[in-house]
Amino acid sequence: MIPAMLWGVGMSAYGLQPDRRVEALCWDAIGGAVRDAGISPGDIDAIVVGSVFGPPGVATRVQRGIGIPGVPMWTVENACASGTSAFHEAVEAVRHGRFGCVLVLGVDQMSTLFSGAIVPEATDPEGAASLPLPGLYALAAQRYVQEFGVTPEQLAAVAVKNKRNGLDNPLAQLRASAPTVQEVLGSRVIAEPLTMLQCCPTSDGAGAVIVGAERGVAGDLLVEASAMVSGALWDHRSADVWGFASVARAAEQAFAQAGRSPAEIDVLEVHDAFTIGEIVTCEALGLAPRGKGAELAPSGHTARDGLQPVNPSGGLLSRGHPLGGTGPAQLAEIAWQLRGQAGPRQVARHRVGLVETMGGGAAGMDGNACVVAILSVPD
Amino acid sequence: MAELGVGRPTKRRPGAAVGGLPVAESRPALDGEAVLGSRCTACRYPAAQRGIPWCPACYGPVADARFAVTGTAWSSTVVAIPVGTRRPPFGLAYLDLDDGPRVLVHLAEAAVVPIGTRLRITGTDGGDLVAAVAP
């Protein structure tokens, strides 16, 4: 199997940008990634796009602006993990010798989808019953409150950590200051116990990654592992909250592929669409036992100056969550961290990084898909 | 220029409740005193869906089933924002029906309940299952 390397990354700004064409967001990201990789557009053999809401045909409208005609190109939809799934596809293609250089693009523009009340997916049994995604996460949070004694302050600590990290991220939604625990808890209640500042903001954004075979260029990062799983039945038999099992499933595969344990990961970008999401995910990744994930942020373990920084970019809580665009943004941050290029966000130990995205939105399944990738600085 | 998206849902197929075209009903059905679904004839796995080709747990043959309307709450929440045509506050819970599937219900009273609280589905509201704390 040919080792797959990350050659370059690029991102548009992430935030409310309803007046920008979705293609323009993509061109920003692709331009950045191609320049970062030091290639010319003609070097690209294939294009894999991750997007949930597209719209249909967005890949080809983007292609019109960049050339690279005729190459194999397809769009992947795996809910929130669409962009990371596109990355996984590219990694696997390079590993199996199908292509030598692949452009990965992840994009979604959420600001033009709905205004006012959230409109969940009408064809979903629970979406049709008016369960919004923050409500699904709130059901998990409430379970953790009652089962493990997780406190409101512990939930808020994730938002405080990530929004403070996000202040140093020029590509995230800029704020003058980060909220305190009390301000997080005092923000508008969305679904008990989650408050507004515990939920990622609406956002638009595109990210791009260039994946290729080994080429001996300094700054290229080794993809030690990439694992993609779909969901499994989540029902009355499930031992864990929604959002746990699919992450654990992908993580197990990724750690086995890389031959590593969770303790060896220096820096992580994980799916913190809601504060409880980061807590449950860290448990599923093996950073803490079940029920103890809520201690990671308050103890400083996952702070930027902690032993295992989680979401030094500010995460989804700072960037927002333009679904398909999230995976590449996470990969970009890990790339910058591993290369020592993260500026004010730079973490001290940066040899091995991990990216995790898990998408939901289908009732009765423990996630639509989850991708866990492990990258490292080559020896 | 008009504000983007205002006045209409721009999402594809948002459902009839918010002005889109109707879609086929996917929510669990209540038939008098029973929730309709399927049960595997080999492993007894209960599902809140009908029309599935085999048991999703063991691939055995399934048959139509009727489930008890009583069960225990796995978790609950109170939603404080408008969702579709629902106005806040409204309570939701995952209800594990006795010898049956886990279903999402609206709570008659918009309040969080302790894990394990006994609930009873009392009817439907606009097609959503509604449950109250069982005495």
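Start by selecting chain A and chain B together: 44 residues of chain A are in contact with 46 residues of chain B, where contact means heavy atoms within 4.5 Å. This is a predicted model, in which local features need pLDDT of at least 70, side-chain atom pairs count only at pLDDT 80 or more, and totals for chains, interfaces and linings use all residues. Residues are numbered from 1 along each chain as its sequence is written, chains are lettered from A in the order in which they are written, and side-chain values use heavy atoms, with hydrogens and water left out.

Next, show the surface between the chains. About 3800 Å² is buried there, 62% of it on carbon and sulfur atoms; buried area is the accessible area (1.4 Å probe) that two parts lose on being put together, summed over both.

Then select α4 (133–148) of chain A, a helix (a DSSP run of H or I, at least four residues). With 8 residues, α4(A) supplies the largest share of the side of chain A that touches chain B. Colour that side by class and you get 25 nonpolar, 8 polar and 11 charged residues, with Asp, Glu, Lys and Arg as charged, Ala, Val, Leu, Ile, Met, Phe, Trp, Tyr, Cys and Pro as nonpolar, and the others as polar.

Last, colour chain B by pLDDT, the predictor's confidence in each residue, from 0 to 100. Chain B averages 91, but over residues 1–6 of chain B the pLDDT is below 50. Where pLDDT is low, the predicted coordinates should not be read in detail.

Notes: Helix = DSSP H or I, 4+ residues; strand = E, 2+ residues; numbered from the N terminus.
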